[in-house]
Every structure is written in C-alpha cells, then in structure tokens.
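Here are my notes on the model you sent over. Please read them with the structure open.

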Amino acid sequence: MIICSCNGLSDRDVQAAIQAGIMKVSEVYSARQCQVKCGNCVKGVACLLKEARRKHCPCPTTVAIEQNMAAQAVNNDEIEQKKEAFL
C-alpha cells in the first residue's frame, strides 16, 4: 500500500526501514533518500513506527506486571508442592 504518493513510499518501505532499526519518521525518509513534501503521509509513517515500537519494546509497566505474575505463579506452585508433601 502506498503511504506517500509524493515520494512513492510504501508500507513495505517503512517496514524495511523498521527492520533496519529505524525508529524515527525523519530517518524513514532519509533512508529512502527523500523528504516530506505535502505532509499527508507523516501520520501513516508515525503510526507504523509506533506499532513497531509497541511490539518490540513493551512499556516498563507491562514488563513489571508480567514479571510479578511469573513470580506469583512460581510461589503458588511452591505452596502447592509443600501442601502435597504434608498430605
């Protein structure tokens, strides 16, 4: 799908830039050796970058919650094992 008709920038071009480690809108255009012209595409590029960041870099709160849940699961398993040992 074409994201930027001024520069012929497609979603595949943006995904390739993301795969190369690019995480800023301006870097996407630089990688394709083009620049923003009318500006209508910036929101689309930013949206794809935001989604990539969300997938590859979860927020610290989410990571902390997942770690806490994993620790609780281990503790619950240990408690169940101790209960079974006494029965």
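**Notes on the predicted model**

1. Surface. The chain exposes about 6700 Å², and carbon and sulfur atoms supply 54% of that area. Accessible areas come from the Shrake-Rupley method with a 1.4 Å probe, and for residues only the protein chains shown count as cover.

2. Basis. This is a predicted model, in which local features need pLDDT of at least 70 and side-chain atom pairs count only at pLDDT 80 or more, while totals for chains, interfaces and linings use all residues. Residues are numbered from 1 along each chain as its sequence is written, and side-chain values use heavy atoms, with hydrogens and water left out.

3. Fold content. The chain has four helices and two strands. Their order along the sequence is β-β-α-α-α-α. Helices (H or I, at least four residues) and strands (E, at least two) are DSSP runs, numbered from the N terminus.

4. Burial and contacts. Of the 87 residues in the chain, 18% are buried. Buried means under 20% relative accessible area, exposed means over 50%, and partly exposed lies in between (1.4 Å probe, protein chains only). Among contacts between residues at least 6 apart in sequence, 47% join residues at least 24 apart. A contact means heavy atoms within 4.5 Å.

5. Helix α3. This helix covers residues 42-56, 15 residues in total. From first C-alpha to last it reaches 21 Å, close to the 21 Å expected at 1.5 Å a residue. The expected span is 1.5 Å times one less than the number of residues.

6. Which residues of α3 are buried? They are V45, L49 and A52. These residues cover an arc of only 60° around the axis, which puts them on the same side of α3. The arc is that of the directions from the helix axis to the C-beta atoms. An α-helix has 3.6 residues a turn, so residues three or four places apart point the same way. On the other side of α3, K43, C47, K50 and K55 are exposed.

7. Packing of α3. The buried residues of α3 pack against β1 (2-4), β2, α1 (11-19) and α2 (25-31). A46 is also in α3. A46 counts as partly exposed, at 31% relative accessibility. Its C-alpha lies 9.7 Å from that of V14, and A46 and V14 are 32 residues apart along the chain.

8. Strand β2. S10 sits in this strand, which spans residues 9-10. S10 is buried, with a relative accessible area of 14%. Not counting residues up to four places away in sequence, S10 touches M1, I2 and I3.

9. Cysteines. How many disulfides does the structure hold? The count is zero. A disulfide is a covalent bond between the sulfur atoms of two cysteines. Here the cut-off is a pair of cysteine sulfur atoms within 2.5 Å. The sulfur of C38 has its closest cysteine sulfur in C6, at 3.7 Å, so the two are too far apart for a bond. For C41 the closest cysteine sulfur is in C4, at 3.6 Å, and that is also too far for a bond.

10. C4 and C41. C4 lies in strand β1. C4 is buried, at 2% relative accessibility. C41 is buried too, at 3%. Leaving aside neighbours within four places in sequence, C4 is in contact with L9 and C41.
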